[in-house]
Amino acid sequence: MNLTTKRTLGVAAAVALAFGSVVATTAQAAPKSATIAFLSPLTGSEAGLGQDELLGAKTALYEYNQTNPAVKVSLLTADDQADPSVSPGVALGLAQNASVIGVVGSCCSGATKADFPAFKAGRLTVVSPSATNATLTDPKSSTNGFPFFHRVAATDAFQGPALARYANKGVTAPKDYLIDDASTYGAGLKALTSPSLKSAGVTVVGSDTVIAPASDYSATASKVVASKANVVIYFGYYSDAGKLKKALDLAGYKGAFASGDGTDDDGYITSAGATDAEGTLITSQSVPFELAAPAAVLKDFTAATGLASPAGHAYVTQAYNATNVFLSCIKSGAVSRAAIQNCVATGTFTDVTGSKFNFTRYGDIAQGAPVGAYLVKGGKIIPVGNA
């Protein structure tokens, strides 16, 4: 699912031609309105992740506009389908839209990485709720998002060790089988989990890569059973995680099944079926909104979304926090792309719990962020503590 170097250079060249050198702000008077874009998969196999995060963005914007602010803010939704071959064109459209002064998104690391050429050329600041691949903010990476990319979730450098611990917790003589989906996110998380398995003395009896989306996991399931593995860790997104889990159960696999935050969506239970999904172990940087938000904010959530509760929706908290980064900057008078970038890079912000945070030079939260442990039980994904 990753772009080839040739394709990426082509996008970068197209963006450079579209923008020249710098996007300038020419307004003489302070504007009375501004636009933030919400960029994530709203259709396609991973649409559940984007639709969940949109709930958090809508809640933050609803609260902001209820205060009768001097600058009214609207939310422009953009669908990248979590597809790195689609997202650069969508990102280019946002970068060329002079009314857009910031982007909340994307949820997924592969699409996010593919968007960097457009956003850098357009000097458009991005705050992601859940793009966790460590290279996106790695100063040593030639494809990082500096200086325009930021995120409010812990990177997979934290999730990898946590997933290794949680997947094997309580397992006698663990023998792990690792499967990834070849995405920037999945392959990256696998690479960051493997060293922790080795240092913990866990035996890895097999490894496989199945490019998603895939329709048939029977061959992989047969390999797992033949390997005598008692722990399977899947590195990818919920729709294929569900198909894999069904195939494993059909093949007679009886061990533990674990996955990362890409599976932290009720769509996993739909994909696998409630029976096959039962007992799945999931790590995620997402803190449930119903646990993090005070009662007044939960009331605003219902008013903004029409839903009685945020339960079962992942990354609502992070999307709410990411949106409020921009809204806080706009409140302070930052209404151009340049001013937004300076505010996000240097400002201090407040999350839904009331805690303060700011970003490092390369876009991660300076204070760090937790990785939670979740369990599928009774047809629901429930939090059980920290991983």
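Predicted model: local features only at pLDDT ≥ 70, side-chain atom pairs only at ≥ 80, totals over all residues.

Strands of a sheet pair through backbone hydrogen bonds, in either a parallel or an antiparallel manner. Here, five strands form an open sheet with parallel pairing, in the order β2-β1-β3-β4-β5. Because β2 (72-79) and β5 (149-151) stand at the edges and each has a single partner strand, one side of each is left without a neighbour in the sheet. On average, neighbouring strands are turned by 25 degrees against each other, direction ignored. Val-127 has His-150 in β5 as its bridge partner.

**The helices on the sheet**

| Helix | Strands | Angle |
|---|---|---|
| α2 (residues 47-66) | touches β1 (33-40) and β2 | about 170 degrees with β2 |
| α13 (residues 316-331) | lies across β1, β2, β3 (100-105) and β4 | about 160 degrees to β3 |

**The helix pair**

Two packed helices are described by the angle and the distance between their axes. The axes of α2 and α13 come within 7 Å and cross at roughly 35 degrees, and the crossing is right-handed. Residues in this contact include Leu-55, Ala-60 and Tyr-64 of α2, and Ala-319, Thr-323 and Leu-327 of α13. By class, the contact of α2 with α13 has 10 nonpolar, four polar and four charged residues.

Notes
Residues numbered from 1 in each chain as written. Heavy atoms only, no water. Pairing = 2+ DSSP bridges. Helix = DSSP H or I, 4+ residues; strand = E, 2+ residues; numbered from the N terminus. Axes fitted to C-alpha atoms, helices over the stretch in contact; angles between N-to-C directions. Contact = heavy atoms within 4.5 Å. Left-handed = near helix turned anticlockwise from the far one by under 90°. Nonpolar A, V, L, I, M, F, W, Y, C, P; charged D, E, K, R; others polar.
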